[in-house]
Amino acid sequence: MSSEGRNPQSSSEKRVFWRSLEQKADPARVDAEACGSDVVKQTILGSELLTLRRRKFLTLSGAMTALAGIEGCVRRPVENIMPYADMPEYINPGVPLHYATVQNRNGEALGLVVTSFEGRPTKIEGNPDHPTSRGATDLLAQAAILDLYDPERAQSPRQKNAPATFADFDAFMVGKLADLQSKGGAGLCVLGQPSNSPTFIRLRQALLGKLPAARFYTYAPVNQSNLREATKLAFGQLASVLYDYSQAKVVLALDSDFMMTEPGNVLASRQFAQARDLDSAAGDPNRLYVVEPVLSITGSNADHRLRLPAQDIARYARALAAELASAHGVELGQIAAAAQGAGPDGIPAQWIKAVAKDLAQHRGASLIVAGSRQPAAVQALAFALNRALGNVGKTVSYADPVDPGESDNFADIRTLSAEMAAGKVDTLIILGGNPAHDAPADLHFADALAKLPTSIHYSAYDDETAASSSWVVPRAHELETWGDQQSSAGNYSVQQPLLAPLWGGRSDIEVLAQLAGEAQWRGYELIRATVVAHGMNGEIAWRELLHRGVAATTYAQMLGALSIRDAEVASALKKLSAPAALSGSNLEVVFTTDPKLFDGRFANNSWLQEMPDPITRITWDNAALIGPSTAKELGIKNGDMIRLSKDNATVDIVAWVQPGVATHSITLSLGWGRKRAGKNGSGHGFDVYPLRTSTAPHFVSGVTLQKLDRKYKISQTQDHDAMENRPLAIDATLGEYKNQPNFPQYKSPDPGPEAQPLWKRQDYSKGQQWGMVVDLNTCNGCNTCVIACQSENNVPVVGKEQVARGREMHWFRIDRYYVGENEDEPEVAFQPIGCQHCEEAPCENVCPVAATSHSPEGLNDIAYNRCIGTRYCMNNCPYKVRRFNFLNFNEDIPETRQMQFNPNVTVRFRGVIEKCSYCVQRIQGAKIAAKQQGRRKVRDGEVLAACQQACPTQAIAFGDINDPKSKVSAMGKRDRNYALLAEVGAHPRTRFLGKIRNPNPEMTV
């Protein structure tokens, strides 16, 4: 059992920043090979031009010139503009409409607002009126708009691999339902996914009432069954657990990535950042401790992080509880005795004593949260500790569950699989999901499914489950069907469609209504009935609900300070088996929710595939993550193919040496290796579900590793765009900040006399001048801004091969840096970066055709029709934020994909430079609106850049820097502000606020 706690370095120690293990070991070589450091080499590396003779070069040059001329004739898109015969109501061409809706995110409701042009939704934002989003989103919500227009979605029913129509299917269902009703539903099983929809829950009960012999099962590979079991264990009843991170001065996360992959991550990120924000050195930020097996987004933001295998986290929690009870008088009843004897072997003593002391000193203002991967006993212990520390009603509260009828997901899928194998199921209806791919491997679900007499799969894609089903029926997307959801806190929202189903898909509630014999089975009527049942009668109340997106009344009963069942929790803790010590021959495998693909349902989304993983920076693949010390012990290097084996199950996967992974623990991301996901999803990554069983769905030990005699190429971006060892992601401890509030300005100093501009500087003190400030202290590195920018600005994807060449096109990126000498447990720093809109822009000096120039409002603009693609500007940019269309990435885009394009942003073709524009189209829209209202200036807050609006933590401010009352001006005046690479003399319009770490003095080196 191995662990290592990270402690911030002392102020006297030199801060060492590094992008990757290779760069740390040999920085000169990696910097020389960095794709962004040499544009010429990036362009011609490995090409024939390296070996061309003069004659052949001139021949090819002539051919390319001719082709360029031809391309000039055909590059313009064909556009047929047709007028409306009858103008639809409420539509004004060119003026967008905004609709409030909601999405289910791992059992939690996420309130959204969708922008639509002439009935064509193009962009998703958070609903500022919805308590779970507060105007922000996550990257999955931002990318959902691309799934809506995916041309590879199921477009018509299919029966046994033969095309069919909805009329064929409806005729079949009439006979099937008549037969089922005659038998009271005997032989019918319905498999659904966890739902927080009151209408879904109501219709499920109606179905079981209509067909009492039928059985309903619930399963999703990523679920909250452990949490639900923990509430029953601790309180004797189911309950929704509500955390308020904004009120917590000390947070302990036990294997909980609450900022990224746990339910309610958007709200949790906002609340945590609120308690982290610092106006001045007099502030008192919160402190975060994280204990986890693999470096997560939450762990990368920790002030202290303990690297511990997943199987040992229960042992740590028990040792901490024992310390709280014995040394600090925290009353735990029988739980205190059960917590004794856990043993601190392999756990630094300060991680028990100092953390317990910090929690005890912040009674009522602390919070302990256990992740959904941990057993119910560990989560129940966290509930007991929060109760004993006085946190209930302050940082944690409880409410009635949205769906009290949901059972244990893994028990359900186990029971269903056994009944299918035993021949007890005649008809199986599957509502979404992909259990043939993601059900636990020991259940052999796909084999049993293929043998059923009748199986009907309502699916968005012709996926692995569809291949084994007798009927496949298109399932409607959340943006094209009526629905509803209720948050854990009881906030009721209507999911309204933005357009009719593109391919006639049916929603889950419509299917249940048909099975239950409802006369009015269409989604609209079903939702109106639920709304009326909630007491919102009449057309006015209905329209107000649709307009606001969330009901004014909450529909969950708060449960107050529930009593802890000490005896039951103590008994469960005693039953936790003592795991065998891990070693090179006895490895632990941890299954983690992928931050991009979730459980695999978003595999065909090219935006998510190409977005670099927030931590590893890998694109288009997953990998087995192994810590540096374990990799050295086993002789593993990046790109090595390995075979992981447990009993009779094996998985072949590429290895990636990742700092922050616990010793002798290997992390595998779910959702990859799909075989029937579409052209973007199929064949990318490695399927790790074969190692996942119904008895060990979250982590398992006893795994062996075999190194295979082959390599695999990974496309990753962590070594791209080198900053030539200049200061970046500037940070300090809270003590250092108090001693020197303007510390960032010493690390990124203003230019000296040798860096003066080539001409007299422009006076930007008049009029509205646009600028941005990014707070590194609240940015958590989630990458939501990256996808938001891509969606707003029609940024193309380029594919795995082009990413490997350094040709990714993201206008906005988040660089991830490691800090410190310890390769196994470094600190992490994130650097969000886009075009800095420099007032003395180096790119403008070198453009031979003046394609890039400055606007009177301080924007660095690009005229695409003037750009001839010399890339001089790209090479001269010290921030490496300009992107060049090497290929025509927008060529042959399917018509449905084109529907997603923002009509206010040019779709670029091959051969031009593009970059962040500060969302100039949004600025111009606000200026037009202000002019129409008779105003000369845009008010603060009327322009929100796409990255700013999507950010869950509000780390980005944008606006008029000449307005002393604007938020961006206020943030820019904070003492820890600095300009990135200020010494270059470019005078960037984007400024940053230095990151502040808040270590416990008793745990520092």
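Tyrosine 245 is buried, and phenylalanine 258 is buried as well. This holds for a predicted model. The ring centres of tyrosine 245 and phenylalanine 258 lie 4.3 Å apart, and their planes meet at 15 degrees, so the pair is stacked. Planes under 30 degrees apart count as stacked. The pair links distant parts of the chain, 13 residues apart. Tyrosine 245 sits in the loop between strand S10 (240-243) and strand S11 (250-254). Phenylalanine 258 belongs to the loop between S11 and helix H9 (265-276).

The structure holds 23 aromatic pairs. One of them joins phenylalanine 235 and phenylalanine 383. Their ring centres are 5.4 Å apart and their planes stand at 20 degrees, so this pair is stacked. Phenylalanine 235 lies in helix H8 (residues 225-235), and phenylalanine 383 lies in helix H14 (residues 376-388). The pair therefore ties together parts that are 148 residues apart in sequence. Phenylalanine 235 and phenylalanine 383 are both buried. Elsewhere, ring pairs link Phe169, Phe172, Tyr458 and Trp471 into a cluster.

Rings also meet charged groups. The charged end of arginine 204 sits over the ring of phenylalanine 216, at 5.8 Å from the ring centre. Likewise, the charged end of arginine 807 sits over the ring of phenylalanine 886, at 3.9 Å from the ring centre.

Asparagine 885 is found in the loop between strand S35 (883-884) and helix H31 (895-898). Asparagine 885 has a relative accessible area of 1%, so the residue is buried. Beyond its neighbours within four places in sequence, asparagine 885 is in contact with several residues, among them Pro796, Met809, Arg908 and Glu914. Phe909 is also a contact of asparagine 885. The backbone oxygen of phenylalanine 909 lies 3.1 Å from a polar atom of the asparagine 885 side chain. Valine 798 is 87 residues from asparagine 885 in sequence, yet their C-alpha atoms are 9.2 Å apart in space.

Three strands form an open sheet in the order S3-S4-S5, with antiparallel pairing. Strand S3 (97-105) and strand S5 (120-126) stand at the edges. Each has a single partner strand, so one side of each is left without a neighbour in the sheet. On average, neighbouring strands of this sheet are turned by 35 degrees against each other, direction ignored. Strand S4 (residues 108-117) pairs with S5 in the antiparallel sense over six bridges. Valine 113 has glutamate 125, in S5, as its bridge partner.

How values were computed
Residues numbered from 1 in each chain as written. Predicted model: local features only at pLDDT ≥ 70, side-chain atom pairs only at ≥ 80, totals over all residues. Heavy atoms only, no water. Phe/Tyr/Trp six-rings, centres within 6.5 Å; stacked < 30°, edge-to-face > 60°. Helix = DSSP H or I, 4+ residues; strand = E, 2+ residues; numbered from the N terminus. Buried < 20%, exposed > 50% of the residue type's maximum accessible area, 1.4 Å probe, protein only. Lys NZ or Arg CZ within 6 Å of the ring centre and 35° of its normal. Pairing = 2+ DSSP bridges. Axes fitted to C-alpha atoms, helices over the stretch in contact; angles between N-to-C directions. Contact = heavy atoms within 4.5 Å. Polar contact = N/O pair within 3.5 Å; in protein donor to acceptor, adjacent residues only side chain to side chain.
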